[in-house]
Structure formats: structure tokens, C-alpha cells
Amino acid sequence: MFRLSKNNIEFNRVARIVSGEDEGKFVKFVHEPSSNSGFFIYESNVKGFDEVPIFDTWYESLSKLIDAVNEDGWLLEWIK
């Protein structure tokens, strides 16, 4: 389990929130430089992200995304 940082973020990989706000949800961090030069957090109640709708939040920079995750107190674990 870990707190998110620039050194341990993995894009397009699913993690579970094990502690903090939204505990139990699944998240995926996505960087889409070709479409908007930003970063997304996709959240779902389902590990495979098959559920509709999937909630997403856009951030203009990686540091703002990491700050938001840590403000919510997320402790994460990567899903294999």
C-alpha cells in the first residue's frame, strides 16, 4: 500500500482505495497529452471499469492530481 507520488504513479493501471475518502472504489490514472495535455482520475465501484457511468476528474498538471489524491487521504494498492 502506498501514498501517491511522482515516483510511484502508474498510468492506465487500476488501483483500489484502501483508506481515505472514497474507500473501496477503484481508480485509474490516465495521461492524455494528445487530446488535452492533461491528466485524469477515473473512478469506479467495479474493478474492471465496466460500470456506467465512470466518474472522472481532469487536472492540468501531474502535481495537481497528486495533491488532490493526497488531500483526500487516499492509501492505494495496485490491482494485479
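Modeller: Two strands pair if DSSP finds at least two bridges between them. Strands (E, at least two residues) and helices (H or I, at least four) are DSSP runs, numbered from the N terminus. This is a predicted model, in which local features need pLDDT of at least 70. Residues are numbered from 1 along each chain as its sequence is written.

Biologist: What makes β1 and β2 a pair?

Modeller: Strand β1 (residues 14–19) and strand β2 (residues 26–32) share three bridges in the antiparallel sense. At least two bridges are required, so the two strands count as paired. Within this pair, V14 stands opposite K28 in β2. The two strands form a hairpin with six residues between them, and G20 in the turn has a positive phi of about 105°.

Biologist: Which residue of β5 stands opposite S19?

Modeller: L75 in β5 stands opposite S19. β1 and β5 (residues 75–78) pair in the antiparallel sense over four bridges.

Biologist: In what order do the elements of the chain run?

Modeller: From the N terminus on, the order is β-β-β-β-α-β, with one helix and five strands.

Biologist: Why is the chain called as compact as a globular protein of that length?

Modeller: The globule rule is 2.2 Å times the number of residues to the power 0.38, and the radius of gyration is taken over C-alpha atoms. For 80 residues the rule gives 12 Å, and the radius of gyration of the chain is 12 Å, so the chain is as compact as a globular protein of that length. The C-alpha trace spans about 30 × 25 × 20 Å along its principal axes.

Conventions
This is a predicted model: local features need pLDDT of at least 70, side-chain atom pairs count only at pLDDT 80 or more; totals for chains, interfaces and linings use all residues. Side-chain values use heavy atoms; hydrogens and water are left out.
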